[in-house]
Amino acid sequence: MTHYTPEIHTTADVVRQAIIPASAAEQCALATMLMSGQSTHPKKMVTHNWGNVFRDLVAAIIADALGEQSYGMVARVLQEDVSILER
């Protein structure tokens, strides 16, 4: 999804314009493809609204993984300089 804009695109946008096209040929969930077909059990349940900004969903997941209490800082970093999270 080369035209992705973090502050605008919703989860629905990303699913329809990136995830579904990426997994359409295999006719399976993208998670199945990313795990090379290996079945896994989730350790966390993530609830979300498809109308919300996708950046915020990803930020909340990363914040939880990092033990942060809020996703706001992570959302700003994702939008401005993702390399900070890669360190």
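Q: How many helices and strands are in the chain?
A: The chain of this predicted model has 4 helices and 0 strands. From the N terminus on, its elements run α-α-α-α.

Q: And what box do the C-alpha atoms fill?
A: Taken along the principal axes, that box is roughly 35 × 30 × 25 Å.

Q: What is the volume of the largest pocket?
A: The largest pocket has a volume of about 550 Å³.

Q: Which residues lie nearest its centre?
A: Those are Leu30, Ala31, Thr32, Leu34 and Met35, out of 16 residues that line the largest pocket.

Q: How does the lining of the largest pocket divide into nonpolar, polar and charged?
A: There are 11 nonpolar residues and 5 polar ones, with no charged residues.

Q: What about the second largest pocket, what lines it?
A: The second largest pocket has a volume of about 350 Å³ and is lined by 17 residues. Val46, Thr47, Leu57, Ala60 and Ile61 lie nearest its centre. H3 gives the largest share of this lining, with 5 residues.

Q: And by class?
A: The lining of the second largest pocket has 8 nonpolar, 5 polar and 4 charged residues.

Q: Changing topic, how much of the chain counts as buried?
A: Of the 87 residues, 20% count as buried. The accessible surface of the chain comes to about 6,600 Å², and 55% of that surface belongs to carbon and sulfur atoms.

Terms used: Residues are numbered from 1 along each chain as its sequence is written. This is a predicted model: local features need pLDDT of at least 70, side-chain atom pairs count only at pLDDT 80 or more; totals for chains, interfaces and linings use all residues. Side-chain values use heavy atoms; hydrogens and water are left out. On a 1 Å grid over the protein atoms alone, a cavity is a set of points where a 1.4 Å probe fits but cannot get out, and a pocket is an open set with protein on both sides within 12 Å along at least five of seven lines; lining residues have an atom within 4 Å of a point. Grid points are joined across faces, edges and corners, and a volume is the space filled by probe spheres set on the points. Ala, Val, Leu, Ile, Met, Phe, Trp, Tyr, Cys and Pro count as nonpolar, Asp, Glu, Lys and Arg as charged, and the others, Gly among them, as polar. Helices (H or I, at least four residues) and strands (E, at least two) are DSSP runs, numbered from the N terminus. Buried means under 20% relative accessible area, exposed over 50%, partly exposed in between (1.4 Å probe, protein chains only). Accessible areas come from the Shrake-Rupley method with a 1.4 Å probe; for residues, only the protein chains shown count as cover.
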